[in-house]
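Hi,

Here is the structure I said I would pass on to you.

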Amino acid sequence: MLRRLFTAATLSLAVSATWSQAVLPPISPATEAAFSKLTAHAGVKQAVDFLKADDERTLKDQIELTEIPAPPFKEAVRAQEYQKRLQALGLPDARIDAEGNVIAVRKGSGKGPVLVVSAHLDTVFPEGTDVKVKVKGNRYEAPGIYDDGRGLASLLSVLRALNQAQLKTVGDIVFVGTVGEEELGDLRGVKALFRDNKAIDGFISLDGLDIGRIVNQATGSRRFRIIYTGPGGHSFSAFGLPSATHALGRAIAKISEVRTVDEPKTTYTVGTLKGGTSVNAIAAEAELGLDMRSNSAVELKKLEDRIMVLAREAADEENKRWDKKDVIKVEFKLVGDRPAGAGQADSPMVSAARRAVATVGGEVKSLAASSTDSNLPISLGIPAVTLGSGGVGGGAHGPGEWYSPVNAWLGPQSTLLTVLSLVGVDGVTQPLLVKRAP
């Protein structure tokens, strides 16, 4: 039987999620028909059952990959190991591209669609972080243990299931470990993937745990370093010169009073500050790190324009305070640009993911917005979702991050069924994913 018990224990904390309140459309007849054939097929049943049996091995992969450090911009060692594992699972052409992504293609039988299934290699944690997994009963603790160690391990389990059941798909499945998903990586991996590969018809990212959470909306972000500069000088003898830190303070005060709309959710924060050289010196340079996010590209642009005006006003006011002109200058350096966008709630990809979750005993009650690798394809109009990999966990992006493999196999099972329905199984179903025009 494909249907599995789904309990509240499979739910995890939803990080950076904004849940849609819209009523979900019915699952399409085409999706229902495809799943009726898939779930009746002996090979598909075999693959799904294998994933439960493979649960312990998947956890072992998850631990081993987590213990390979992958700080931002330093994912190479983990990437090389991931490449070896994909090659060992029958994809000898697995390669590492110029950006550092690991890419391996499992070819289909014909001219079907090309579907990317991915997880990200990098973590938010700096070099030198202790990533040794500590086991406490059925709880596994380590930075990055589920974000995205679980996603990487789940991809390997899905590939093993396809091999074990000898399933031949119509479309190609491209297994990818991306770089640059976290922090200031700015989605550099997935941006390079779509820049260099024009024939991708659909994209799935495994990021997070809850299988009942489907992300089909992209929370966009713009990140800036706002830098104030001036001549600087001695705090006593040069008193009367405008100060970069004073201008910075004016800017923060102004920014903190900005009001944003509740819907679509739009936010900002001044996350970092630095500047000055000494307590008894007028600062020659000071800067802040600004993060702005929205589920709407329009609202994000409005917010950016407003804050840029305020930042310039802060420099002008600091100069005016000391009867100077253009002594303090302000510069804006873009350090992060994640596009916003929204997929259709009734798309074949969303319908397939929902039906897959229902097949293993879960339920998707609403769709989410978040900032993940799916942002890029969503912004390009390419069908994309981010799915959970199963199990429970918490403390993401913190030193106390933890994971527990409660009904964890439900993640790979629902992923496998979603993938098979989208690319089609040779002689069983046609792909639900539409091949894009060249």
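A word on naming before anything else: helices (H or I, at least four residues) and strands (E, at least two) are DSSP runs, numbered from the N terminus. This is a predicted model, so local features need pLDDT of at least 70 and side-chain atom pairs count only at pLDDT 80 or more, while totals for chains, interfaces and linings use all residues. Residues are numbered from 1 along each chain as its sequence is written, and side-chain values use heavy atoms, with hydrogens and water left out.

The peptide bond from glutamate 263 to proline 264 is cis, with omega near -5°; proline 264 sits in the loop between H7 and strand S12 (266-275). Another cis peptide bond links aspartate 147 to aspartate 148, and its omega is about 10°. You'll find aspartate 148 in the loop between strand S6 (139-141) and H5.

Then there are the positive phi values. Phenylalanine 73 is not a glycine, yet its phi is positive at about 70°; it belongs to the loop between helix H3 (55-66) and helix H4 (76-88). Glutamine 166 has a phi near 55°, also positive in a residue other than glycine, and lies in the loop between H5 and strand S7 (172-178). With 69% relative accessibility, glutamine 166 counts as exposed (exposed is over 50% relative accessible area, buried under 20%, partly exposed in between, using a 1.4 Å probe and protein chains only).

Next, the helix pairs. Two packed helices are described by the angle between their axes and the distance between the axes. The axes are lines fitted to C-alpha atoms, for helices over the stretch in contact, and angles run from 0 to 180 degrees between N-to-C directions.

Helix H5 (residues 149-164) and helix H11 (residues 410-423) have axes that come within 9 Å and cross at roughly 60°. That makes H5 oblique to H11 (under 35 degrees is roughly parallel, over 145 roughly antiparallel, 65 to 115 roughly perpendicular, and the rest oblique). Arg150, Ser154, Ser157, Val158 and Leu162 of H5 make the contact with Pro412, Thr415, Leu416 and Leu420 of H11, where contact means heavy atoms within 4.5 Å.

For H7 (residues 244-255) and H8 (residues 297-321), the axes come within 8 Å and cross at roughly 140°, so these two are oblique as well.

H1 (residues 29-40) packs on H9 (residues 348-359) at about 40°, with the axes 10 Å apart, so H1 and H9 are oblique to each other. Here Thr31, Glu32, Phe35 and Thr39 in H1 meet Ser351, Ala352, Arg355, Ala356 and Thr359 in H9.

Which residues touch the most other members of the largest nonpolar core? They are Tyr82, Leu86, Leu115, Phe175 and Ile204, out of 61 residues. (A nonpolar core is a set of buried Ala, Val, Leu, Ile, Met, Phe, Trp, Tyr and Cys residues joined through side-chain atoms within 4.5 Å.) A second, separate core has 23 residues, including Ala247, Leu288, Leu300 and Met308.

Last, valine 23, in the loop between strand S1 (18-19) and H1, counts as exposed at 79% relative accessibility.

Cheers
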